[in-house]
Amino acid sequence: MQYSYAENVTSFESALAKVQSYQTQDKPWQQVQQISELNIQQSRLWQNPSISLEQSGFGSGQEQEFNVGVSQPLDLFGQRKLNRVIANTSNQQIQLQQQLWKAQSQLIVKFAWSQFALAEVEQSAYSVQLKTSKVNLDSAQKRYQAGSIALVDFERAQIEALEIQRLYQQAMLNKQAAGRQLSNLWGGETSSHLQLNKTAIPWPEQSLQTVQRYIAEGWLEKFYALNIQQSDHQIENLRIQARPNPTLNVGMKRSKTPNESNDTTLAIGVAIPLNIFNRQQYAIPMVQQQQILLNQQQQRELKQQILDIANSMHQLKGLRSQFDATTAQVTLATKVQSRTLLGFQAGKLSITDVQQATTQLQNLRLGQLQTLRQAWQTALAAEALSIGTSYEEISRSDAYTQLNKKAVEASQNLINGGAR
């Protein structure tokens with residue numbers, strides 16, 4: 001996906017496109033896939049033969065003997081075939097890991113974008129509140145100059161205006177920090193403009209559909225099934241090792257006597273190991289028991305994930321109802337504050353009444369923002385669970401760096417597995 005760095009970021013989709021355009025330059029999983037294909041080729045190779053050379057009798061008057069032998073392990077019980085199966089299973093795991101990596105990378109971008117969107121909402125809320133406090137201060141100043149209120153009432157209005165000014169500046173800093181955190185995902189380039197749609201409420205509307213899509217893909221079930229397959233392969237590998245796999249020996253012996261007569265003999269033999277003491281009779285049951293534990297653990301994890309996701313979706317639905325209710329309260333509180341201010345300007349209400357109405361409006365807006373933050377955290381936690389990660393992982397400041405490490409670890413596991 002091509003995306004110009006000069007374009008504005010106005011939505012999650014545009015932010016994701018920009019991040020993908022930057023992050024795919026390294027192509028980590030393309031390199032991992034190449035390593036996986038080489039691992040498959042490596043699994044098809046035969047074991048190397050061994051050659052032995054032996055010379056006896058070096059004097060001219062001595063009987064001389066020269067032996068040449070070649071030993072080649074045979075594969076009568078399917079070790080090479082099993083190696084190919086293991087390599088193909090590892091390749092399937094790499095493909096699934098790549099899909100999960102892409103989903104997790106999108107989730108990391110969504111978290112960073114949501115933090116910026118929430119910071120934008122916070123700044124907007126304090127911006128509106130700042131305008132309200134300035135109007136209150138101007139009205140209080142006029143009443144004070146007219147001698148209608150005491151100096152202490154005017155000073156209270158000043159304190160309120162200064163506090164809102166401080167909170168607005170803090171919100172601006174939070175927005176700048178969130179913007180830098182988001183822009184770091186495309187290399188720290190900050191010259192592009194982050195201009196979100198302020199008229200739309202940044203509610204996680206698509207989270208339910210995203211979770212349902214991830215669960216329908218069945219990535220975790222497939223990944224867990226491949227883990228069980230790997231355990232099966234390990235058991236089969238131990239069974240092959242328990243069988244007496246022979247080694248073919250081919251040799252030639254050349255003898256030379258002092259009277260210059262030569263004798264050449266060809267020898268063919270088979271060396272068969274005697275698996276008398278170690279027949280993997282304990283190792284195989286150990287792996288079988290481990291497989292049972294692994295399967296039970298994976299089933300518990302899947303069940304718990306589904307339960308946690310269902311709880312999160314239920315909580316998200318309840319938060320939406322709270323958010324809508326608070327929205328209605330904010331609308332009503334805005335009218336109350338406006339009418340209270342008119343009453344104060346007309347001399348019918350006190351500055352305390354204005355401040356109470358203004359504080360009530362501010363608390364409602366902050367409560368609405370808090371509900372919005374909780375909704376995003378709940379939604380992102382559910383999405384993270386559906387792909388086998390957690391909210392703590394995607395919300396780290398170095399989340400993308402840690403994610404890229406997974407590609408390196410996957411390649412290292414392939415190399416280590418192929419080296420055995």
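Arg 320 lies over the face of Trp 203, 4.9 Å from the ring centre. The model examined here is predicted.

Aromatic pairs were considered next. A search of the whole structure finds eight of them. In one, Phe 111 and Tyr 391 have ring centres 5.8 Å apart. Their planes stand at 85°, over the 60 degrees required, so the pair is edge-to-face. This pair links distant parts of the chain. Phe 111 belongs to helix α3 (residues 79–145), whereas Tyr 391 belongs to helix α9 (residues 391–394). The two residues are 280 residues apart. Phe 111 has a relative accessibility of 12% and counts as buried, because the limit for burial is under 20%. Tyr 391 is also buried, with a relative accessible area of 16%.

Tyr 214 and Trp 219 show another geometry. Their ring centres are 5.6 Å apart and their planes are at 35°, so the pair is tilted. Tyr 214 and Trp 219 are both buried. Elsewhere, ring pairs join Phe 12, Trp 113 and Trp 376 into a cluster.

Leu 302 is found in helix α7, which spans residues 283–345. With a relative accessible area of 14%, Leu 302 is buried. Setting aside residues up to four places away in sequence, Leu 302 touches Leu 220, Glu 221 and Tyr 224. The C-alpha atoms of Leu 302 and Ser 386 are separated by 9.3 Å. Along the chain, Leu 302 and Ser 386 are 84 residues apart.

Four strands form an open sheet in the order β1-β2-β3-β4, with antiparallel pairing. Strands β1 (50–56) and β4 (262–271) stand at the edges. Each has a single partner strand, so one side of each is left without a neighbour in the sheet. On average, neighbouring strands of this sheet are turned by 15° against each other, direction ignored. Strand β2 (residues 64–73) pairs with strand β3 (residues 247–256) over 10 bridges, in the antiparallel sense. Within β3, Asn 249 is the bridge partner of Ser 71.

Definitions and conventions. Residues are numbered from 1 along each chain as its sequence is written. This is a predicted model: local features need pLDDT of at least 70, side-chain atom pairs count only at pLDDT 80 or more; totals for chains, interfaces and linings use all residues. Side-chain values use heavy atoms; hydrogens and water are left out. Buried means under 20% relative accessible area, exposed over 50%, partly exposed in between (1.4 Å probe, protein chains only). Contact means heavy atoms within 4.5 Å. Rings of Phe, Tyr and Trp (its six-membered ring) pair if their centres lie within 6.5 Å; planes under 30 degrees apart count as stacked, over 60 as edge-to-face and the rest as tilted. A charge sits over a ring if NZ of Lys or CZ of Arg is within 6 Å of the ring centre and within 35 degrees of the ring normal. Two strands pair if DSSP finds at least two bridges between them. Axes are lines fitted to C-alpha atoms, for helices over the stretch in contact, and angles run from 0 to 180 degrees between N-to-C directions.
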